[in-house]
Amino acid sequence: MSTRLIGERVKRREDHRLLTGTASFIDDLHLPNMAHAAVLRSVHAKARIRRIDASKALALPGVLAVITHEDLGAANDPMPLLNNDRGFISPRTHRALAPGQVRFVGEAVALVVAESRYRAEDALELIEVDYDPSPAAVELLAATQPGAPLVHDDTNSNIACRTPHRRGDVEAAFAKADIVIAEELRPERGAAQPMETRGCVAQFDASADHLTVWDTTQAPVSARGLIAAKLGMPEAHVTVIAPDVGGGFGVKIMLLYPEELLIPFAARRLKRPVKWIEDRREHFLGSNHERLMIHKAELAATKDGVLLGLRDVYYYDSGAYCPYGPINAECAQGILPGPYKIPAIHTEYIAVYSNTPVVSPYRGAGMPHGNFVMETMMNRLADRLGIDRVEIRRRNLVRPEDCPYDGGTVFQYNTALIHRDCDYPALLTKLLGALGYGHFKASQASDRARGVYKGIGIGCYVEGTGIPPYEGMEVRIEPTGHVTVSTGYPSQGQGHQTTLAQVVAETLGVDPDKVVVQAGRTDRFAWGVGTFASRAAVVGCTAAQKATVKVRQRALNLAADKLEVAASDLEIVAGRVQLKGVPGVGITLAELAAASNPIITLEPGVEPGLRAIEYHRPEGATFASGMHGIILEVDIETGMVRIERYVVVHDCGVMINPAIVDGQALGATAQGIGGTFYEKLHFDEAGQLLTTTFMDYLIPTAMEIPRIELHHLEHPSSLNPLGAKGVGEGGVMPVAPAFAAAVEDALAPFGVKINAAPFSPPDVLALILGGTADREEQTVPHPPHPSTGSG
């Protein structure tokens, strides 16, 4: 019998290193004779490159190389298309260096390698690039029009992809509806801002023809494969290591960013280590963005508020290239119905090229966009019918007795949205009770009479998690008594070392301190996909559990032979196999591990070692769920907002470590607040990004984030033996619609509607004065950090 560890608040084993400064991040790596690199980036959104003259840069003392596209040869072929959407018309992916034309401000044009980063930056100023600029396609809808400047001259239009989806008789649903509402909704453009920017270090050992790359990637195994292919090297001669990484959030999973190829290329050419670390301005310009969509949504219902049909045709800004395909738009469509029963659904997403940085997944990967649309439409329907916004949801929720229930849309990897292992009415009841919904509504009128404008809003979501294709795990018992767990997917702060140790230790029957986790190194485990889409617990921990079960059985069988008893009569307690009821009869796992690797004789058909490798291959996504509630006050003189209460209720199945689950929910909610009220990217009409510092692009701090109250419901997933569902992204999903709903509720006397997020205090003030939010662009600049939190 093993000690219970799954479900316990085990202290994170990573925290001591991270909090005491002994962790090793990419910029902590200092190799002998290391050179430093800097990237020359385009200053134009669209231009042809007539000529690049690097002679002055090369003449600068300390400059070792200037690399342009011509130097790369076949390595500069287009990067792979990671998601070949069925609606593609003209898929286009990026290259490491622009080969004659640039398509966004910040696109990589050349790489300088020098003895120091300072000298490399000086050399960038000496490179002469003769550009021939031309008009750019910047605004999303304008880019779709006939005659718009083409981002890719070999295409007929900027429409990259058009993908429809249909379930049920949509026309009949709308024809018999008592009410149809229509809105245009805009989740605006933002960007992930991890504490640590991207970076890459490469070292080439010419004697062994071996390349080692340290990379801030979320997918080291995939990065190794692409680097090897681009450089024409055997994969066995390339090692990729993801060191401690200071936040990923999706922005560090590009395959590949230009620098991830350029730095290994330079190290191999120069036969010396090369380092590149991204600065914050580069991160705004050269790393991927996210969010911008324009949804034209319609909702059909009966006069009692029962949903009949949904239409949503929306445009998705892909940026200049589409390496991920329209994945954000696909995910938005996949969870669009949320927890509601909608008999007939038509969606169509149109991915559009623009002369702006590439758009790819950022925490939620399109799911917050879809959730903003559905929850806003539910509010609009409730208001039109004069039904309470909570009641309209209650009438349409999928109930446990309905399950399994096909939600009518398709998520990533062609996974149908199937509701199972859930209780949405219980989530709603828990949220309303914790939030004090009835009490607030009863006191709202008296507050308004005193000139105090408070509002309440809720947001409900279903989160796609644990997607295919697979993850693998090796579990090995060593003669020292330690248990080594090796996997290919790395951590960027999620606590993988702790949760994997909990799963393995409980399953095997050992102290978790004896479990050693190795992750994110292709020389330790060479197979895997990566850390994204809330899949580490669902896919990775399940693989660990399966491998540990095999190792456990092997240990029991070997001990049974040694002790001359039946394996079924044995148990493992504290790292020792013993006879049930007779604990004095037994043998340690360490002894068994030594015996399993004999020096003299190995029995025929027996593999050496107490070890196993297992893979978990989910058939589709596992869906988690939750609801958020917010109470806030709006200052009608300034548009400032102060959050009084924020409540989160969620269901991620069995929580392997509730403390880590809390951290994921809190962090995601904080990012959601940032994406709702602070963080927005602004471009001018020429495609120049105007928000490239934290003076312009506001990140909420601890002063702005309120105390967040968490509540957990656990309905174990039936799709994996751990009963786990993912938790990493759900917290960000309903923040914008709940926040906007609360502001609308507070300002109901002014008729305010919010159809775009993020929005700012000046926007709120303008809405109070104008009474409408149907504006295509937010034109009022953000003020210095407004306070929205209670500390």
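Predicted model: local features only at pLDDT ≥ 70, side-chain atom pairs only at ≥ 80, totals over all residues.
Two strands count as paired when DSSP finds at least two bridges between them.

I begin with the division of the chain. Three domains are assigned: domain 1 covers 33-134 and 198-277, domain 2 covers 293-467 and 620-779, and domain 3 covers 469-616. The centres of domain 2 and domain 3, taken over C-alpha atoms, are 41 Å apart. Where these two domains touch, domain 2 contributes 20 residues and domain 3 contributes 18 residues.

Valine 213 has valine 240 in β11 as its bridge partner.

As a reminder, strands of a sheet pair through backbone hydrogen bonds, in either a parallel or an antiparallel sense.

A further open sheet has six strands, ordered β7-β15-β14-β13-β8-β29, again with mixed pairing. Here β7 (159-167) and β29 (756-757) are the edge strands, each pairing on one side only. Within this sheet, β13 (residues 293-301) and β14 (residues 307-319) run antiparallel and are joined by nine bridges. Glutamate 298 stands opposite arginine 311 of β14. Across β7, β13, β14 and β15 (344-353) lies helix α10 (residues 327-334), which runs at about 165 degrees to β14.

I will also mention one hairpin. Strands β23 (residues 576-579) and β24 (residues 582-588) pair in the antiparallel sense over four bridges. Valine 577 has isoleucine 587 in β24 as its bridge partner. Two residues lie between the strands of this hairpin, and glycine 581 in the turn has a positive phi of about 80 degrees.

Next, the cavities. How many cavities of 30 Å³ or more does the structure hold? There are seven. The largest cavity contains about 220 Å³ of space. Its lining comprises 17 residues, and those closest to its centre are Arg291, Pro368, Gly675, Val732 and Ala736. Helices α11 (367-385), α18 (658-677) and α19 (735-746) each supply at least two residues of that lining. Among the contributors, α18 gives the most, with four residues. By class, the lining of the largest cavity consists of nine nonpolar, five polar and three charged residues.

The second largest cavity has a volume of about 140 Å³. It is lined by 19 residues, and His94, Phe104, Pro258, Gly286 and Val358 lie nearest its centre. Helices α8 (258-270) and α9 (280-286) each supply at least two residues of this lining. Its classes are nine nonpolar, five polar and five charged residues. Why is this second largest cavity said to lie between domain 1 and domain 2? Both domains give residues to its lining, so the cavity lies between them.

Finally, some details of the backbone. Most residues other than glycine have a negative phi, and most peptide bonds are trans. Against that background, three places deserve a look on the screen.

A cis peptide bond joins cysteine 403 and proline 404, with omega of about 0 degrees. Proline 404 is found in the loop between α12 (389-394) and β16 (405-411). Another cis peptide bond joins proline 468 and proline 469, with omega of about 5 degrees. Proline 469 is placed in the loop between β18 (453-465) and β19 (471-477). Lastly, phenylalanine 249 has a positive phi of about 60 degrees, although it is not a glycine. This phenylalanine 249 lies in the loop between β11 and α8.

Thank you for your attention.

Technical notes: Residues numbered from 1 in each chain as written. Heavy atoms only, no water. 1 Å grid on protein atoms, 1.4 Å probe; cavity = no way out; pocket = protein on both sides within 12 Å on 5 of 7 lines; lining within 4 Å. Points joined across faces, edges and corners; volume = space filled by probe spheres on them. Nonpolar A, V, L, I, M, F, W, Y, C, P; charged D, E, K, R; others polar. Domains from an automatic or database assignment. Contact = heavy atoms within 4.5 Å. Axes fitted to C-alpha atoms, helices over the stretch in contact; angles between N-to-C directions.
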